[in-house]
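Dear colleague,

Please find the structure that I am handing over to you below. My notes on it follow.

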Amino acid sequence: MDQHFTIQRVCTWAAPACTFVFFLGFAIADYLVPPDPRSSPQETAAFYANHPESIRAGLVFMCFAGGLWIIWSAQMTNQMLRIEGVSAPLAWTQLAMGACACIEFIMPAYFWLTASYRDRSPEMQQTLNDMGWLPFDGFVWTIIWQNLVIGIAALMDKRESPIFPRWYGYLSIWCSLLYLPAGFNVFFKDGPLAWNGAISWWVLLAAIFGWLMATTWLLLKAITRQQQETRNGALAGDPMSDLARRIDELERKVAGAEPVAVRT
Amino acid sequence: MTTGRAVTLEQQDPPEHAVGQVPGEVGVWVFIFGDLVVFTYMFGVFLNYRSNEGEVFAASSQFLNQDLGALYTLVLLLSSLFVVRALHWMRSGRGDRASAFFLAALGCGAVFLALKAFEWHHEIGAGRTLNYDHFMTFYFLLTGLHALHLTMGMVLLAILAVVARRGDPGKSQWILLEGGACFWHMVDFLWMIIFPLLYLVP
Amino acid sequence: MSLLRTDRDAAQRAITVVWVLLVLATGASWMLGVHETGTPGDVHPVNALLLVIAMTKVRFVGAYFMELRAAPLPLRLVFEIWTIGAAAALCAMYLLA
């Protein structure tokens, strides 16, 4: 029975793993500080010519982060189903958004890997570089919704013992707003909204991974609570037993309440 | 009266906003303080860019209408007053009046957005787009993000107007009422900082 | 119940007074800003004053409109500290350009 919870915990740890893999990969490839969008094609080509092996190694490693993102997203849906029950549009939206977010890690990586694969004209290298950076930084079109539905679900939670604390709902919605400006990096070659800008890159990174750490922590706590609730009866992961538990709660409430008093 | 919770049909007294209570709930303040930190950071970045490009910022700022900027501030101040009044009437049991005041505040928001759209149209029409220079980047960024918050606030106000009209709010409705009101006040005072930064200082 | 009503009315009157002061402060900022002389792009102490006025207005909106005066002390402290800190930081960044 405890296997249910161990598996959940393992899937939750995919989130910190994703974070670690992403940062390590990017550090190895020297991508952590994005290049200047105003760089000339020659400068860009030189970057790829100068250390192709570390770029390839770092980015291939970083690709693992894509799959890891889906694993923790699935676990999040697993918990969200406990909030929504059988009719769960938010939980399924979250899963789909999480799955698509994986593309956001891997596709740009392949444009960069292609650039490092052969010698090409500087213009071509610049094109491939752009094709990587613009979406890698700007592809917020799934994570803003992923955060939003998680936040809404957390705030909608009417259970006796909510899965997530209410502040997490607000935090998720707020982070969703923080991601949004990066989507506009296509308008800029410099300034805070360019792909290397303070708001499009640094705020985005801090928001995504900061929120991910909070999410990891809260998911682990939710699993522990679920485990304790399960020990008081009911099968783990069985929606019918969640229902049974809630009927139990209701019966206790009704038994303890005074008869209805009408105002005279 | 014996022990145990009595379920009565009597209208519950609205929870008076007593000393020591968090307006709305803690989560609302996570959102608000988070926004404050990020906006302050953006204001700081703005001033940093300004210190490097003083003339550019001053030149572009001239194109903005300072009277309009002040008008925006007054419109939002008025809307905040309406929201305060709305909460007051809600606590006094007059949901209908509260609803009217929420709608009045929403109206102010609509006026703000209309003026803002007009201002943006004017700037873009004159060729001063996002990329014209760094000042215009910040102009559109700050006013755009603010307008986004304002729109969210307007949606909230509409919801609050409905909640107020229904009357008899329970605990979660009070959280919504107070939290929503605080969000609107934040929209108001964010503009109070944006106005001098963009319109007056450079 | 009637005592409560008086309290509420008193609070509303205080808020109205604060509101009028905020409107006046807005007007003062506007006048100061519009009638500024000097080289564009340079640093003028007046502008720092404008920022301070703005943050003061913010503080009053928080304290009175958002009812932070009646809120738990930690929450209120965080807000006050942010107001002062942000005012100081923005003024410093402006003046030390």
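**Nonpolar core**

The largest nonpolar core holds 154 residues, and the members that touch the most other members are Cys18(A), Tyr179(A), Val83(B), Ala86(B), Phe102(B), Ala105(B) and Leu157(B). A nonpolar core is here a set of buried Ala, Val, Leu, Ile, Met, Phe, Trp, Tyr and Cys residues joined through C-beta atoms within 7 Å. The largest share of this core, 20 residues, comes from α6(B). Helices are DSSP runs of H or I with at least four residues, strands are runs of E with at least two, and both are numbered from the N terminus. Ala86(B), one of the core residues named above, touches Ala98(B), Phe101(B), Phe102(B), Ala105(B) and Ala164(B), not counting residues up to four places away in sequence. Two residues are in contact if their C-beta atoms, placed from the backbone, lie within 7 Å.

Please note that this is a predicted model, in which local features need pLDDT of at least 70 and side-chain atom pairs count only at pLDDT 80 or more, while totals for chains, interfaces and linings use all residues. Residues are numbered from 1 along each chain as its sequence is written, and chains are lettered from A and ligands numbered from 1 in the order in which they are written.

**Chains and interfaces**

Among the two pairs of chains that touch, chains B and C have the most contacts. Chains A and C do not touch, and their nearest C-alpha atoms are 14 Å apart. Between chains B and C, 42 residues of chain B are in contact with 38 residues of chain C. On the side of chain B that touches chain C, α1 (26–52), α2 (54–62), α3 (66–91) and α6 (171–200) each supply at least two residues. The largest share of that side, ten residues, comes from α3(B). Its residues divide into 24 nonpolar, 14 polar and four charged; Ala, Val, Leu, Ile, Met, Phe, Trp, Tyr, Cys and Pro count as nonpolar, Asp, Glu, Lys and Arg as charged, and the others, Gly among them, as polar.

Chain C itself has three helices and zero strands. Of its 97 residues, 26% count as buried, that is, with 20 or more other C-beta atoms within 10 Å of their own; 12 or fewer is exposed, and in between is partly exposed.

**A helix pair in chain A**

The axes of α4 (residues 89–117) and α5 (residues 122–138) of chain A come within 8 Å and cross at roughly 165°. Axes are lines fitted to C-alpha atoms, for helices over the stretch in contact, with angles from 0 to 180 degrees between N-to-C directions. The angle makes α4(A) roughly antiparallel to α5(A), a label for angles over 145 degrees. By class, their contact has nine nonpolar, four polar and one charged residues.

**Individual loop residues**

Pro192(A) is found in the loop between α7 (166–179) and α8 (198–231) of chain A. Pro192(A) is buried, with 24 other C-beta atoms within 10 Å. Leaving aside neighbours within four places in sequence, Pro192(A) is in contact with Gly197(A), Ala198(A), Ile199(A), Ser200(A) and Val45(B).

Asp30(A) lies between α1 (2–29) and α2 (41–50) of chain A and is partly exposed, with 14 other C-beta atoms within 10 Å. Glu67(C) lies between α2 (45–65) and α3 (73–95) of chain C and counts as buried, with 24 C-beta neighbours inside 10 Å.

Yours sincerely

Conventions:
Parallel < 35°, antiparallel > 145°, perpendicular 65-115°, else oblique.
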